[in-house]
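Hi everyone, thanks for coming.

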Amino acid sequence: MPSTHNVEKPWDTEEIDKWKEEKFEPKDNIAGPLTEESSFVTLFPKYREVYLREAWPLITRSLSAHGVACTLDLIEGSMTVKTTRKTWDPAIILKARDLIKLLARSVPAPQAVKILEDGMAADIIKIRNLVRNKDRFVKRRQRILGPNGSTLKALELLTRCYILVQGNTVSAMGGFKGLKSVRKVVEECMANIHPIYNIKTLMIKRELANDPDLKNESWDRFLPDFKARTLSKRKKPFKITDKSKKVYTPFPNPPEKSKIDLMHESGEAFLSTQVKERAAKQEREEKQRAKQEEKKKARMQEFEPPKEDSIRKEKKRKQAELVESKEGESRVKKRKKDKSSKQPNGSQDA
């Protein structure tokens with residue numbers, strides 16, 4: 001029997017999008033309500049409690065439209081979602097699970113609710129276990145944000161995803177293709193590859209995608225090839241041996257004296273235990289005495305008057321001398337004036 005696989009079909013035209021996903025409606029659920037109840041629980045940090053309490057009515061309305069029940073437990077610090085008899089979409093519980101995960105990772109509620117739409121997916125990337133050193137981890141996490149958040153904004157525009165860097169995780173929302181690119185960029189950034197290289201590659205791919213002539217061709221010749229350059233960083237050895245030429249001697253170096261040899265030379269080995277204890281006690285007392293003297297000097301320094309500045313002292317002395325000299329001159333002038341006023345005139349004497 002001949003194959004009819006490649007036979008032209010009258011209804012198969014170019015206008016039909018074979019990859020289009022039709023929206024799932026309640027009428028498409030032929031099997032009826034779900035027989036088993038499915039539920040997911042997620043814990044949230046303490047600082048999210050106030051915000052979640054305010055935003056919970058919005059989350060309840062969004063989930064009830066799909067027939068999913070949700071509860072917020074402030075005592076335990078958890079969020080729960082579960083299916084009900086009104087749930088008509090079997091896959092919506094997985095979307096609700098992603099919703100509470102995003103809310104726990106500090107994603108705003110209006111943004112997190114968009115995960116319930118078709119074509120939207122979420123990915124939470126754990127980055128803390130990728131870098132061991134904490135300081136290095138903080139620097140590499142900052143690279144994802146960039147100066148004033150410019151790197152993160154460029155990444156969002158190129159991947160068409162919402163990205164939030166919070167604590168030890170990176171939360172992303174968007175299409176599957178964009179999420180794959182985001183995960184690649186984040187993991188390579190934690191492996192010490194700067195995000196700017198991946199951003200440049202994504203920009204070139206975006207331009208090539210707009211060209212219909214290159215749709216079915218390989219883009220490898222257009223993409224940049226960033227090769228890792230290993231710079232020779234020779235470490236300095238801990239012990240540097242002197243390799244300079246030395247005078248040759250046929251005799252080996254004398255062996256180092258052991259502790260027992262040194263005790264025999266000093267005569268300590270021949271002393272009795274009582275003499276040794278007495279010498280050790282005397283040595284301890286001397287050390288204690290020296291420490292006490294140092295502490296006493298340190299205490300006495302607090303009671304010593306501060307030393308006056310010699311320059312200031314000299315200046316005061318000069319000012320005092322200048323004042324005294326001026327006073328002496330004024331006294332001499334006054335005496336001369338008094339003498340001239342007391343002396344009688346020649347005409348009066350006559």
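Let's start with Phe-24, which counts as partly exposed because its relative accessibility is 31%. On this scale, buried means under 20% relative accessible area, exposed means over 50%, and partly exposed is in between, with a 1.4 Å probe and protein chains only. Trp-88, at 19% relative accessibility, counts as buried. Before going on, a word on the model: it is predicted, so local features need pLDDT of at least 70 and side-chain atom pairs count only at pLDDT 80 or more, while totals for chains, interfaces and linings use all residues. Residues are numbered from 1 along each chain as its sequence is written, and side-chain values use heavy atoms, with hydrogens and water left out.

How many aromatic pairs does a search of the whole structure find? It finds 1. That pair is Phe-24 with Trp-88, and the rings are stacked, 6.2 Å centre to centre with 15° between the planes. For the cut-offs, rings of Phe, Tyr and Trp (its six-membered ring) pair if their centres lie within 6.5 Å; planes under 30 degrees apart count as stacked, over 60 as edge-to-face, and the rest as tilted. The two partners come from distant parts of the chain, 64 residues apart: Phe-24 is in the segment before β1 (39-43), and Trp-88 is in the loop between β3 (78-83) and α2 (92-104). Those element names come from DSSP runs, numbered from the N terminus: helices are H or I with at least four residues, and strands are E with at least two.

Arg-97 lies over the face of Phe-40, 5.4 Å from the ring centre. Likewise, the charged end of Arg-128 sits over the ring of Phe-137, at 4.8 Å from its centre. The rule here is that NZ of Lys or CZ of Arg must be within 6 Å of the ring centre and within 35 degrees of the ring normal.

Now for the inside. In soluble globular proteins, nonpolar side chains tend to be buried together. A nonpolar core is a set of buried Ala, Val, Leu, Ile, Met, Phe, Trp, Tyr and Cys residues joined through side-chain atoms within 4.5 Å. The largest one here has 27 residues, and Leu-63, Met-79, Val-81, Leu-99 and Leu-103 have the most contacts inside it. Two or more residues each come from α1 (49-64), β2 (68-73), β3, α2 and α3 (109-112). Which of them gives the largest share? That is α2, with 8 residues. Take Leu-99: leaving aside neighbours within four places in sequence, it is in contact (heavy atoms within 4.5 Å) with Ile-59, Leu-63, Ala-112, Val-113 and Ile-115. There is also a second, separate core of 22 residues, which includes Ile-144, Leu-155, Leu-158 and Val-182.

Next, strand β6, residues 169-174. Is this strand enclosed or open? All the counting points one way: 6 of its 6 residues are buried, so β6 is largely enclosed by the rest of the structure. Thr-169, Ser-171 and Met-173 point one way, while Val-170, Ala-172 and Gly-174 point the other way. In a regular strand the side chains alternate between the two faces of the sheet.

What does β6 pair with? Strands pair if DSSP finds at least two bridges between them. Strand β4 (residues 121-126) pairs with β6 in the antiparallel sense over 6 bridges, and Ala-121 has Gly-174 as its bridge partner. Strand β5 (residues 162-166) is also antiparallel to β6, joined by 5 bridges, with Val-165 bridged to Val-170. The hairpin of β5 and β6 has 2 residues between the strands, and Gly-167 takes a positive phi near 65° there.

Zooming in on Ser-171, this residue is buried, with a relative accessible area of 2%. Its contacts beyond four places in sequence include Leu-102, Asp-123 and Tyr-162.

Asn-148 has phi near 60° and lies in the loop between α4 (134-145) and α5 (150-159). At 85% relative accessibility, Asn-148 counts as exposed. Arg-160 has a positive phi of about 60°, in the loop between α5 and β5, and at 68% Arg-160 counts as exposed too.
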